[in-house]
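Here is a short report on one structure. It covers confidence, a sheet with its packing helices, and a pocket.

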Amino acid sequence: MNTSITVSVRDLVEFIMRSGDIDRSAGAAAELDAMQQGSAIHRRIQKEAGADYKAEVYLSHTSECTCGNNHISLTVQGRADGIITELAITHDGIADQVTIDEIKTVAGDVKSLEAPVPVHRAQALCYAYMYALDSALSEIGIQITYVRREKLDVKRFSERISFSELEAWYEDLVEQYCFWVSWQMDWVQIRNESALNFDFPFEYRSGQKAFVSGVYRTIEQGKRLFALAPTGTGKTAAALFPSVRSAGEGKADKIFYLTARTIARTVAEDTMKLFLSKGLRFKTLTITARDKVCIFDEAVCDPKVCERAKGHFDRVNEALYEIISNEEIIDMDCILRYAERYCVCPHELQLDVSNFADCVICDYNYVFDPDVALKRFFENGKAGDRFIFLIDEAHNLVERAREMYSSRLDVKSLRSYGKYLRSLGRRFEEKLVKCITELERLTGTGFYESEEDPYADPGYAADPVNRNCRVLLDEDIGRLCERVETLQEYCYTLMKGDLAPGIRDRLTDLYFELRSFTLAYERSNEKYVNYTLGDMLKIFCIDPSLELGERLMKGRSAVFFSATLLPLDYYKEMLSDTAEEDYDLYIDSPFDPSKKLVVIADDVSTVYRRRTIEEYTKIALCIKGIIRAKYGNYMIFFPSYRLMNEVYEAFCENALKAAGNGLNIIIQRPGMSEAERADFLDQFSAQSEGSSTIGFCVMGGIFAEGIDLREDRLIGAVVVGTGLPQLSPERELLKRFFDARLGAGKGFEYAYIYPGMNKVLQAGGRVIRTEKDTGIIALLDGRFTRSQYNSLFPRDWENYVRTDSEGISAAVEDFWTRNAFDIKLLE
């Protein structure tokens, strides 16, 4: 089998030549160093070198390698920072002497460096080999130039090497790399053959085949698809199957299955396990958050503390080869097993495995978040068009993306860092205090000079919501961003020193917080707003479509799907920068509509001015009327904890006794632990005759999405109110932005109605999960009868019954009678 591969010098040496320890602060330093390539510092060093110095010289070389049955044409390419040609006295007389210069910007004291970093030396050697080969040189020099970022101090390491020695070194390097390439070629052939012969392992459900066809055509044409796929359409399998087939046909190298919640990742995992049990060969990796796989309670990433971090890069390639050679379902347990066996960091191991995985199941962050994304695939300059993005629960991505691309600083947090990091010295304190002072000026929260202690908490941030929200232009915050960047750079300098673990961790946290802010400022555009609230300044991304679009361009195709992707045009506009070209698909529910009742009580109101004891009592009596109609389990969803608690008290006082005996009433609490959540859901078991479980819950919370209570475990959902977000400065900024952009009235829809109604649809979607389910969805708010709201209903909700608080019980009883259930009132 023949193939041609192109790799950069940097990627080649960083994979084969890596060694030593994991150090979170060193990782941050390396990333900053990467950002400095081609920077002003490089240009200054190059300019000062004089006429004998030729800067930014492109070099490449193609090697022919044979590994097993594979022939590989490997092209290694990159730009040498500099080539120095100068006259020198040799044993043959005066001749040109060539030296390859590799410049590295660092923040620490360059004078303390005793030798070049091996990876940096390897980069220089690669360029030296290419140049010497092209120029027929018998020997060549290399020079690694380290420049201190702040002071521009310089230290150089130089050596000369014969071409024969250089050639042997380079050929060994290429041979090692081709070993991995050959392994992957063999695997891809196995994968593709199995994918092409793999048939859909289920009988197609109603609408499922249309979804499969839509996804396949979208991938084939390199487009983006927005699909409204109701519960029961088998959307996970319907998205994965055509993606697998497309990979087998050579249309893509890798599938990213992206989710917002653990339960959706589990469903994707289980689907791929089932595919593999039916004969598919497809290496599937689930990436788990660093904190969940770390052997410590908190991720330390310090070789002085963690034995896994110490020497990790010396051992990881062996662990990597073993896991990809022996496993195809690589989940968290699998990663932990191999990480323990080889004493390596499980988080870093799973990131390396992603290079060789065919399907990567992970959170949105690993593709879209600028701070967390897998830079090995998506950083600038990386070739795209070989990825398929499957974005499950896509309705969640709007708010998640806004937070990913936004950033904030607040005075209280900076003061806290100052208190903890006092030991870092006066220069650190001066730079931090300048940031605090400027942030205080912008937020109007007082000045440090009036404080005896620069890090004392003045108390003004205790209730920041009551302070005025103020919008600032980019030029207003320019000076703050300059000071933040200066502090960020100095933090980087300090991170290279010898620090206690606690100090190092907090300093690294501060570094990344500052970095997030400066990057947000750099990428902000007309779709961002800067605002202050209390002692906080936030660079707020209102419309993330451009940022998401840049990342989506790294792939061949993207499929956004959800059961509640309504209205489709809104999500297309918010999630894609090519909305007018994108496809959309609406799949009808596969379930019998006669087995579901959607009923609206139009005389109930949850608007703030109507929130009285009388209205709470009316809602409580509605709930009583609904649950009295039939034994079973119900969830009652509210837009806030406050309203839930008010109605719960009214229910207990006015309706509980009238509702009858046999009621098990449970209520969601803020901050429930995993065990408490599990216990809450466990109470929704199939009920014995004469008993019911009633769960009071919050819309948009942990029990309103991603739970699967089938058949008799849940027979009804009561949704109280339209789920509109609470009034807040940020919501009002959204409203103002979209009013100006789309016309008066649209802002309220974008900021309030669409997010609120999505919560309503998610809550209602808990009821009918399978073809065996029968249940009711009761909507308690007169606003549901307005077209502005019910136009967002899915098609299977359109035949709703309109009644009032007095008639809702009769409507529910009639539904159960029509569905041949004995009506058994709770007594």
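Confidence in the chain is lowest in helix 2 (residues 24-35), with a mean of 51, and highest in strand 9 (residues 284-286), at 98. The score is pLDDT, the predictor's confidence in each residue, from 0 to 100. Helices (H or I, at least four residues) and strands (E, at least two) are DSSP runs, numbered from the N terminus. This is a predicted model: local features need pLDDT of at least 70, side-chain atom pairs count only at pLDDT 80 or more, and totals for chains, interfaces and linings use all residues. Residues are numbered from 1 along each chain as its sequence is written, and side-chain values use heavy atoms, with hydrogens and water left out.

The chain averages a pLDDT of 89, and 89% of the residues score at least 70. Contact means heavy atoms within 4.5 Å.

| Stretch with pLDDT under 50 | Contacts in the model |
|---|---|
| Residues 32-38 | 15 contacts beyond four places in sequence |
| Residues 457-466 | 16 contacts beyond near neighbours in sequence |

Seven strands form an open sheet in the order 21-22-20-23-24-19-25, with parallel pairing. Strands pair if DSSP finds at least two bridges between them. Strand 21 (663-667) and strand 25 (801-803) are the edges, each pairing on one side only. Neighbouring strands are turned by 20° against each other on average, direction ignored. Strand 21 pairs with strand 22 (residues 692-698) over 5 bridges, in the parallel sense. There, Ile665 stands opposite Ile694 of strand 22.

Helices pack on this sheet. Helix 25 (residues 674-682) touches strand 20, strand 21 and strand 22, and its direction makes about 140° with that of strand 22. Helix 22 (residues 613-628) lies across strands including strand 23 (716-720) and strand 24 (775-780), running at about 165° to strand 24. Axes are lines fitted to C-alpha atoms, for helices over the stretch in contact, and angles run from 0 to 180 degrees between N-to-C directions.

What volume does the second largest pocket hold? About 1,200 Å³. A pocket is an open set of points on a 1 Å grid over the protein atoms alone, where a 1.4 Å probe fits, with protein on both sides within 12 Å along at least five of seven lines; lining residues have an atom within 4 Å of a point. Of the 47 lining residues, Pro230, Thr231, Gly232, Lys235 and Arg769 are the closest to the centre of the second largest pocket. Helix 8 gives the most to this lining, with 6 residues.

Terms used. Points joined across faces, edges and corners; volume = space filled by probe spheres on them.
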